[in-house]
Amino acid sequence: MTRVELYNQKAKQFSWRGLFLFIVACMILSLSFFVFRYYYQSTIEIEAPSEDLGEKVVIHLPNGQKVYTYDNLIFKKDGKTFYKGERNTIDLTGGTVDYQEWE
């Protein structure tokens, strides 16, 4: 037999060690990615600034209606009392302010 025939008859060697190391390396990389991602996400905290609204008050209007609000949202300007809400301003002139708890 010639050398070419001897070489062709041999079974090709398959490196199980290289495949095993490749799989282990992929598992370590993916595990480290998820551990880093979990750690990074847990360190992020988004906190809104705390707003001091003051005490709870009830304003009794002259027409009999009641407005439930907080003390720091009421302000006086030119002798009139106003409520400054998130989107609107209401004139509360003539109403009496009563400091009481409400739910």
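Student: How many helices and strands does the chain have?

Tutor: The chain has two helices and six strands. Helices (H or I, at least four residues) and strands (E, at least two) are DSSP runs, numbered from the N terminus. Along the sequence the pattern reads α-α-β-β-β-β-β-β.

Student: What should I know about the source of the coordinates and values?

Tutor: This is a predicted model, in which local features need pLDDT of at least 70 and side-chain atom pairs count only at pLDDT 80 or more, while totals for chains, interfaces and linings use all residues. Residues are numbered from 1 along each chain as its sequence is written, and side-chain values use heavy atoms, with hydrogens and water left out.

Student: What radius of gyration does the chain have?

Tutor: The chain has 38 Å, whereas a compact globule of 103 residues would have a radius of gyration near 13 Å. The radius is taken over C-alpha atoms, and the globule rule is 2.2 Å times the number of residues to the power 0.38. The C-alpha atoms fill a box of roughly 115 × 25 × 20 Å along the principal axes.

Student: And what share of the residues is buried?

Tutor: Buried residues make up 13% of the 103 residues. Buried means under 20% relative accessible area and exposed over 50%, with partly exposed in between (1.4 Å probe, protein chains only).

Student: Which residues form the largest nonpolar core?

Tutor: That core has seven residues: Val-57, Ile-59, Leu-61, Val-67, Ile-74, Tyr-83 and Leu-92. A nonpolar core is a set of buried Ala, Val, Leu, Ile, Met, Phe, Trp, Tyr and Cys residues joined through side-chain atoms within 4.5 Å.

Student: Take Ile-59, then. Which residues is Ile-59 in contact with, leaving aside neighbours within four places in sequence?

Tutor: Its contacts (heavy atoms within 4.5 Å) include Val-67, Thr-69, Ile-74 and Leu-92.

Student: Is Thr-69 buried or exposed?

Tutor: Thr-69 counts as buried because its relative accessibility is 2%. Thr-69 lies in strand β2, residues 66-70. Leaving aside neighbours within four places in sequence, Thr-69 is in contact with Ile-59, Ile-74, Tyr-83 and Trp-102, among others.

Student: What about Thr-81: where is that residue found?

Tutor: Thr-81 is found in strand β4. Thr-81 is buried, with a relative accessible area of 15%. Not counting residues up to four places away in sequence, Thr-81 touches several residues, among them Ile-74, Phe-75, Ile-90 and Leu-92.

Student: Let us change topic to the loops. Where does Asp-78 lie?

Tutor: Asp-78 lies in the loop between β3 (74-77) and β4 (80-84). Asp-78 counts as exposed, at 73% relative accessibility. Its phi is near 55°, a positive value in a residue other than glycine. Most residues other than glycine have a negative phi.

Student: And Glu-86, buried or exposed?

Tutor: Glu-86 is exposed, with a relative accessible area of 78%. Glu-86 lies in the loop between β4 and β5 (89-91).

Student: How far apart are Glu-86 and Ser-30?

Tutor: Glu-86 and Ser-30 are 56 residues apart in sequence and 47 Å apart in space, C-alpha to C-alpha.
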